[in-house]
Amino acid sequence: MARTVWDSSVGKKTVMAVSGLIMLLYLVAHMIGNLKIFFGAGEFNHYAHWLRTVGEPFMHYEWTLWLIRVVLVVAVVAHATSAYQLSRRDIKARPSKYVHKKPRASYATRTMRWGGIILGLFIVWHILDLTTGTVHPGFQAGRPYQNVVDTFSTWYGNVIYIVAMLALGLHIRHGFWSAAQTMGVGSQARDRALKTVANVLALLLTAGFIAVPVGVMTGVVS
Ligand code: HEM
C-alpha cells in the first residue's frame, strides 16, 4: 500500500506537501523566536537555553531539540527525494521530439529547483555558522546573541542570509500554492484566497527573518 502511494506522482506530491508543511511550521516558530533578538541578549540567550530544556523533567536535556532535529531531517530528505524523482519522471514523460533537444522545464519548475538547491546549501552553511560554529571565527557556544551579531557584522554573512531569505520567500510562495492544488480541487474564489495566503505567508516570513540582519546593520541590535 505505502509502496503504491510512493510510486504514484500524486503520492510523491503529497509527500512534498506534508514535509513542506512540517518545515513551514518550524520556520514560522523559528522566525518568531528570532525576533526575540530585539528584546536584548538576556532574553534571546535565555530563549536558546529554554530550547534545550523544554519538556523537562519528562524529557532529558536536549531530547526535545533532538526530536525536532530528527523530524526536520526526515522532512528535508523526503522533500528533496520526491522533488528529484518527480523531475526525473517529468523529463522521461516528454514526447520523443524533445529527445535531441535539451529538455526545458517551466519557469516555475526551474525557480523551485534552484530555490531548493540554494536553500539546501544555505541550511548546511547556517548550521556550520550558528549551531556548530565551524565556519564562524570566534563562535561562542551558549551565546547565540553575540554569534548572530557577529554573523551580520560581515558583508558575506548579510549577503548569504538575505539571498537565502529571498529564495525562501519565493519557494514558499509557489510551494504553498502548489501544495494547496495537490490537496484539493478548488473553486476560483478558493484559489484566489489561497494565493493571497501564500503571498502573505511568504512576505511575513521573509520580512521577519530579514529584520534580524537589518537590525544588526542599522545598529538597532548590537
Ligand atoms: C536571519 C535569519 C536567521 C537567523 C538569524 C537564524 C538564527 C539561528 C540561530 C541563532 C540558530 C542556533 C540556535 C541555537 O543553537 O540555540 C539557528 C538554528 C537553526 N536554524 Fe536558523 N536562523 C535564520 C534563518 C533560518 C532559515 C531560513 C532556516 C531554514 C531554511 C533556518 C533553519 C535553522 C535550523 C535547521 C537550525 C538548527 C537547529 C539545531 O539543530 O540546533 N534558519 N538559527
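This is a predicted model: local features need pLDDT of at least 70, side-chain atom pairs count only at pLDDT 80 or more; totals for chains, interfaces and linings use all residues.
**Exercise 1. The shell around the ligand**

Task: State how many residues surround the ligand, which helices supply at least two of them, and how the shell divides by residue class.

Solution: 
1. The ligand is surrounded by 20 residues, and the closest are His-30, Arg-52, Arg-69, His-126 and Phe-209.
2. At least two shell residues each come from H2 (9–34), H3 (41–53), H5 (107–131), H7 (155–183) and H8 (188–217).
3. H5 gives the largest share, five residues.
4. By class, the shell holds 14 nonpolar, four polar and two charged residues.

**Exercise 2. Packing of H5 and H7**

Task: Classify the packing of H5 against H7 from the angle between them, and describe the residues in contact.

Solution: 
1. The axes of H5 and H7 are 9 Å apart, and the packing angle is about 135°.
2. Angles of 65 to 115 degrees count as roughly perpendicular and those over 145 as roughly antiparallel. H5 and H7 are therefore oblique to each other.
3. The crossing of H5 past H7 is left-handed.
4. On the H5 side the contact includes Met-112, Phe-122, Trp-125 and His-126; on the H7 side, Tyr-156, Tyr-161, His-171 and His-174 are among the residues met.
5. The residues of this H5 and H7 contact comprise 14 nonpolar, six polar and one charged.

**Exercise 3. Packing of H3 and H6**

Task: Decide how H3 is oriented relative to H6 (residues 144–151), and name the residues that make the contact.

Solution: 
1. H3 and H6 pack at about 110°, with 8 Å between their axes.
2. Because 65 to 115 degrees counts as roughly perpendicular, H3 is roughly perpendicular to H6.
3. H3 contributes Ala-41, Phe-44, Asn-45 and Ala-48, while H6 contributes Pro-144, Tyr-145 and Val-148.
4. The residues of the contact of H3 with H6 sort into six nonpolar, one polar and no charged.

Technical notes: Residues are numbered from 1 along each chain as its sequence is written. Side-chain values use heavy atoms; hydrogens and water are left out. A residue is near a molecule or strand if one of its heavy atoms lies within 4 Å of it. Helices (H or I, at least four residues) and strands (E, at least two) are DSSP runs, numbered from the N terminus. Ala, Val, Leu, Ile, Met, Phe, Trp, Tyr, Cys and Pro count as nonpolar, Asp, Glu, Lys and Arg as charged, and the others, Gly among them, as polar. Axes are lines fitted to C-alpha atoms, for helices over the stretch in contact, and angles run from 0 to 180 degrees between N-to-C directions. Angles under 35 degrees count as roughly parallel, over 145 as roughly antiparallel, 65 to 115 as roughly perpendicular and the rest as oblique. A crossing is left-handed if the near helix is turned anticlockwise from the far one by less than a right angle, and right-handed if clockwise. Contact means heavy atoms within 4.5 Å.
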